[in-house]
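Keep the viewer open as you read.

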Amino acid sequence: MNSNGEIYLRVVLLNNCNIKCFFCHKEGSGTISEKIQPINIIKAVSVASMLGIKTVKFTGGEPLLYKELSTVISKIKELHPDVEISLTTNGIFLKEYISDLLDAGLDRVNVSLQTLDPLRYYQITGVDCLEKVIRGIETLIANKKTDSKICSAFFKKNSTEILSIAKWAKTMGLGYRVHNLLPALEETRSEIIPIEKIEQIITSFPGASRLEINKNNKHRILFSGKDWDIEMPDWRFWKKCRMSKCPINNQSKGVCNEGEVYAIRLTSKSIQTCLLGNKKNFIYNNLDEIHSSVIQGYEYLRYEIKIG
């Protein structure tokens, strides 16, 4: 944690995925890359923990396609029990794997779900797996992990369904968070609803009340109605980034769309300090270079970019 916001370690386990969302930014990689070796993940987490980073998030691609994930989580918890571990998943394989992952020490799960309509789900993802996702979420709840969340990108194709998803999530005992669509791909920009407009839309929902939350330097807005809750980032606290020629900046009045929480991204070949690669990347070829790359990425975000 620093005065400009939280820095966390985001581990891009692999870029392979079992769905094809039209808005996917592939964590900035653009192409399929090799999966990260477990020993490299353990090393990076150890260095990050030494720097005071206590949050690790697994992503992809689809992280549940990474077969060694339970083993990696267990080892991290053995070495660094104070590190919080979460993952973001499309939920298709939750039913099969969630029990083992929770036993290994996984703390939280964010399920990315853009719609509850089977046809729209197919149009967005290219697969017919909505029912399997729902069964996976039910298994997640049965394992008592109710601090997990459903997360949706808020864009034109699903904007009329957001309130319904919020009501459904509340009946399931899960939190619900929305975020704006990133303008990382040219073909997605016509679907973008500006973050300010998203707030206006949610404010218009029946009985909406608004509560500003600042927890661990993370500013959020919680909207609530009689039978629904929606959390979203408070974009007023987003920080300015000094980097130029960034489509995110151009779309968001010069502020960084990553908000107040900035990621050191571990990939199979480098430490990335920006989703779109506009900032510096630090290549590694062995364990010693992972050690130095994590430190360089952390210091670059804290001292060189001076976000805020």
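Predicted model: local features only at pLDDT ≥ 70, side-chain atom pairs only at ≥ 80, totals over all residues.

Residues are numbered from 1 along each chain as its sequence is written, and side-chain values use heavy atoms, with hydrogens and water left out.

**H3 and H5**

- Helix H3 (residues 94–104) packs with helix H5 (residues 130–142) at an angle of about 20°, and their axes are 8 Å apart.
- H3 and H5 are therefore roughly parallel to each other (angles under 35 degrees count as such).
- On the H3 side, Leu 94, Lys 95, Glu 96 and Ile 98 meet H5 residues Lys 132, Arg 135, Gly 136, Ile 137, Thr 139 and Leu 140 (contact means heavy atoms within 4.5 Å).
- The residues of this contact comprise four nonpolar, two polar and four charged, with Gly counted among the polar ones.

**The two sides of H4**

- Tyr 121, Ile 124 and Thr 125 are buried in H4 (under 20% relative accessible area, with a 1.4 Å probe and protein chains only).
- They cover an arc of only 80° around the axis, which puts them on the same side of H4.
- Leu 119 and Gln 123, on the other side of H4, are exposed (over 50%).
- The buried residues of H4 pack against H5.

**Pro 118**

- Pro 118 lies in helix H4 (residues 118–125).
- With 48% relative accessibility, Pro 118 counts as partly exposed (between the buried and exposed cut-offs).
- Pro 118 and Cys 129 are 11 residues apart along the chain, and their C-alpha atoms are separated by 8.1 Å.

Technical notes
Axes fitted to C-alpha atoms, helices over the stretch in contact; angles between N-to-C directions. Helix = DSSP H or I, 4+ residues; strand = E, 2+ residues; numbered from the N terminus. Parallel < 35°, antiparallel > 145°, perpendicular 65-115°, else oblique. Arc of directions from axis to C-beta.
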